[in-house]
Amino acid sequence: MTITYEWRGDIDNSALNELHAEGFDHPVGRTDWRTRLQRHSLGWVCAREDDRLVGFVNVAWDGGVHAFILDTVVARHSRSNGVGAALIKTAAEGSRAAGCEWLHVDFEEHLRPFYFDTCGFRVTTAGLIAL
C-alpha cells in the first residue's frame with residue numbers, strides 16, 4: 001500500500017464528505033469543502049492511496065503564528081498504519097513553512113495517546129465554552 005500526502009491537495013467534495021461521514025459516524029453530508037477550505041484554512045492535507053482519499057486533516061489559523069488541527073480523519077481500512085501521524089506531520093511542516101510557530105489541537109479523551117504519544121503534542125492548559 002503506497003499512500004501519498006499532499007499539503008493543500010485537490011479536494012473532491014463528494015469523497016471528503018464520504019470520508020468525513022465514515023470517520024465521524026454521521027450521514028454523508030453535502031458540505032462544499034473546497035470553498036470552506038479556501039476561505040478559512042491555512043492549509044489541509046490529503047492522504048491518497050492511488051486516487052482514493054484515505055485521510056484528511058484541516059489546518060485553520062489566526063492569520064499569524066497559531067495554527068489549529070481540525071477534522072483529522074482516516075478511512076477505517078487505513079487506520080493503525082501511520083496514516084494519521086503522517087497527516088499531522090505533513091500539517092506541521094506546512095504550518096511551519098507558512099510562518100506559524102504553534103500548532104494547537106483539541107480532541108476527545110480516547111485520542112490522547114495518538115496526539116501526545118504518536119504525534120508529539122504536549123499537555124497545555126486550555127479552556128472551552130460549548131455554544
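Predicted model: local features only at pLDDT ≥ 70, side-chain atom pairs only at ≥ 80, totals over all residues.

Colleague: Which residue is the bridge partner of H66 in strand 5?

Modeller: W102 is the partner of H66 there.

Colleague: And what is the strand order in the sheet?

Modeller: The order is 1-2-3-4-5, in an open sheet of five strands. The pairing is mixed.

Colleague: Which are the edge strands?

Modeller: Strand 1 (3-7) and strand 5 (102-104). Each of those pairs on one side only.

Colleague: By how many degrees are neighbouring strands turned against each other?

Modeller: 25 degrees on average, direction ignored.

Colleague: Switching to helix 3. Which strands does it lie across?

Modeller: Helix 3 (residues 83-97) lies across strand 1, strand 2 (41-49), strand 3 (52-61), strand 4 and strand 5. Relative to strand 1, helix 3 runs at about 25 degrees.

Colleague: Which of its residues are buried?

Modeller: V83, G84, A86, L87, I88, T90, A91, G94 and S95.

Colleague: What covers them?

Modeller: The cover includes strands 1, 2, 3, 4 and 5. Helix 4 (112-118) is also part of it.

Colleague: What span should helix 3 have, and what do its ends give?

Modeller: Helix 3 has 15 residues, so at 1.5 Å a residue it should span 21 Å. The C-alpha atoms at its ends are 21 Å apart, which agrees.

Colleague: Last one. Which residue with a positive phi follows helix 3?

Modeller: G99, with phi near 95 degrees.

How values were computed:
Residues numbered from 1 in each chain as written. Heavy atoms only, no water. Pairing = 2+ DSSP bridges. Helix = DSSP H or I, 4+ residues; strand = E, 2+ residues; numbered from the N terminus. Axes fitted to C-alpha atoms, helices over the stretch in contact; angles between N-to-C directions. Contact = heavy atoms within 4.5 Å. Expected span 1.5 Å × (residues − 1). Buried < 20%, exposed > 50% of the residue type's maximum accessible area, 1.4 Å probe, protein only.
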